Amino acid sequence: MSTDPVFGEGYTAQHIALAPDAEGPVHATLVHRLERETDAPPPPGGRRIPILIGHGWSDYVFDRDLQEHLGSQGFDIWSLDLRKYGRSLLPGQTPTAIDHLNRYDEEIGASLRVIAAGDPDNPPVLLSHSLGGLIATLYAQRHPGAVRALALNSPWLEMHLGPAVRHLASRPVRTAAERLVDHPILPRGSEHYARTTHRDYGGQYDYDLTLKPPGGHRFPASTLAAVLDGQRRASEAGPLAIPVLVLHSRRTRIGAVFTEEMRRADTVLDVRAMAWAARQLGPEVRIAEIDGARHDVFLSAPDAREAALEILDDWLTSFSS
């Protein structure tokens, strides 16, 4: 365990060794925000509730402001860079490559054991973005009781335009994955999202463009097949018995040419398909659409980011009171 190279002082990072794959050794990285004297105390007779933060595809956990915001309220803040992402990407590895989303159970389970070491009866809230939201949902569905609740930030629960597109794409993508394996199946995406978020492109935020490239990494065929399979399994798994919060933009704006509207919309996923899939997750699902939010609602313009934080804070009070 050492000081986290991304967040610096006040955060520790530890590698979690995982089973090797065809590309060699594999690990994930668990980051922990250390408690501050200025943090709110836990409720009388209570304990600090852990929150484990996860990232999306072609991404890593870098939003220190979000972690400080939640930590200052008395939550115990952790974050996880999955294998072959961000802090966990090793030389010679194919970024984001995975052949089945269940493989992430290994690092999620190991992280939960570390978090639970001092308080085994205090399960965490999973706060996850985009593909991480799908991964977190699948984990909660397969491991009842392991997770207190899910907070999903624009989760990639469904493909654009809904299940029909997923059904049509699944077989040819699976066939391509058998042939291409980790070779790319899609061209690089546009730089529109980076243009709305990163300071170098006119946005307000800063992140490592080698770990989160403007157009995304090349999309491995195996990964896309795993995503489609994961979406199918999530839709067929039955209702979750835990509270779920889903935050997403009010509108989608996807196109070949950048427009200023994209600064206040989701330029990555179809929010209608996302909301439809979210409603199927269980009886305790709260869906909040945020006017002006971007794909990562916490990387939105200040008004939309504050609206998202207010909704998240309000929802979290039910666990911390």
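In which sense do S2 and S3 pair, and over how many bridges? S2 and S3 pair in the antiparallel sense, and 9 bridges hold the pairing. The model described here is predicted.

## The sheet

The open sheet consists of 9 strands, in the order S1-S2-S3-S5-S4-S6-S7-S10-S11, and its pairing is mixed. At the edges are strand S1 (2-4) and strand S11 (285-290), each of which pairs on one side only. From one strand to the next, the twist averages 25°.

S2 and S3 form a hairpin, with 2 residues between the strands. Asp21 has Gly24 in S3 as its bridge partner. S3 also pairs with S5, again in the antiparallel sense, over 4 bridges. In that pairing, Leu30 stands opposite Leu80 in S5. Of the 10 residues of S3, 9 are buried, so the strand is largely enclosed by the rest of the structure. Elsewhere in the sheet, strand S4 (residues 50-54) and S6 run parallel and are joined by 4 bridges. Ile51 stands opposite Val125 in S6. Strands of a sheet pair through backbone hydrogen bonds, either parallel or antiparallel.

## Helices against the sheet

H2 lies across strand S2 (8-21), strand S3 (24-33), S4 and strand S5 (76-81), and runs at about 135° to S2. H3 lies across S6 and S7, at about 145° to S6.

Helix H3 covers residues 131-142, which makes 12 residues. From its first C-alpha to its last, H3 reaches 17 Å, close to the 16 Å expected at 1.5 Å a residue. Because 11 of its 12 residues are buried, H3 is largely enclosed by the rest of the structure. The buried residues of H3 include Leu131, Leu134, Ile135, Leu138 and Tyr139, along with Gly132, Gly133 and Gln141. Among the elements that cover the buried residues of H3 are helix H2 (105-115), strand S6 (125-129), strand S7 (149-153) and helix H6 (221-236).

## Nonpolar cores

The largest nonpolar core has 54 residues. Leu52, Leu101, Tyr104, Leu131, Leu134 and Leu150 are the members that touch the most other members. With neighbours within four places in sequence left aside, Tyr104 is in contact with Leu82, Arg83, Tyr85, Thr96, Ile98 and Ile135. A second, separate core has 31 residues, including Ile49, Leu127, Ala151 and Ala304. In soluble globular proteins, nonpolar side chains tend to be buried together.

## Salt bridges

The structure has 25 salt bridges. One of them joins Arg48 to Glu35, with the closest N and O atoms 2.8 Å apart. Arg48 and Glu35 both lie in the loop between S3 and S4, so the pair ties together parts that are 13 residues apart in sequence. Glu35 counts as exposed because its relative accessibility is 55%. In another salt bridge, the side chains of Asp59 and Lys212 meet at 3.4 Å, N to O. Asp59 lies in the loop between S4 and helix H1 (64-72), and Lys212 in the loop between helix H5 (192-197) and strand S9 (219-220), so the pair ties together parts that are 153 residues apart in sequence. Both Asp59 and Lys212 are buried.

Arg251 and Asp291 also form a salt bridge, and their closest N and O atoms are 3.1 Å apart. Arg251 lies in the loop between strand S10 (244-249) and helix H7 (271-279), while Asp291 lies in the loop between S11 and helix H8 (302-320), so this pair ties together parts that are 40 residues apart in sequence. Arg251 counts as partly exposed, at 25% relative accessibility. Asp291 also counts as partly exposed, at 38%.

## Arg272 and Arg251

Arg272 is found in helix H7. With a relative accessible area of 73%, Arg272 is exposed. Arg272 and Arg251 are 21 residues apart along the chain, and their C-alpha atoms are separated by 8.1 Å.

Methods
Residues are numbered from 1 along each chain as its sequence is written. This is a predicted model: local features need pLDDT of at least 70, side-chain atom pairs count only at pLDDT 80 or more; totals for chains, interfaces and linings use all residues. Side-chain values use heavy atoms; hydrogens and water are left out. A nonpolar core is a set of buried Ala, Val, Leu, Ile, Met, Phe, Trp, Tyr and Cys residues joined through side-chain atoms within 4.5 Å. Buried means under 20% relative accessible area, exposed over 50%, partly exposed in between (1.4 Å probe, protein chains only). Contact means heavy atoms within 4.5 Å. The expected span of a helix is 1.5 Å times one less than its number of residues. Two strands pair if DSSP finds at least two bridges between them. Axes are lines fitted to C-alpha atoms, for helices over the stretch in contact, and angles run from 0 to 180 degrees between N-to-C directions. A salt bridge is a side-chain nitrogen of Lys or Arg within 4 Å of a carboxyl oxygen of Asp or Glu.
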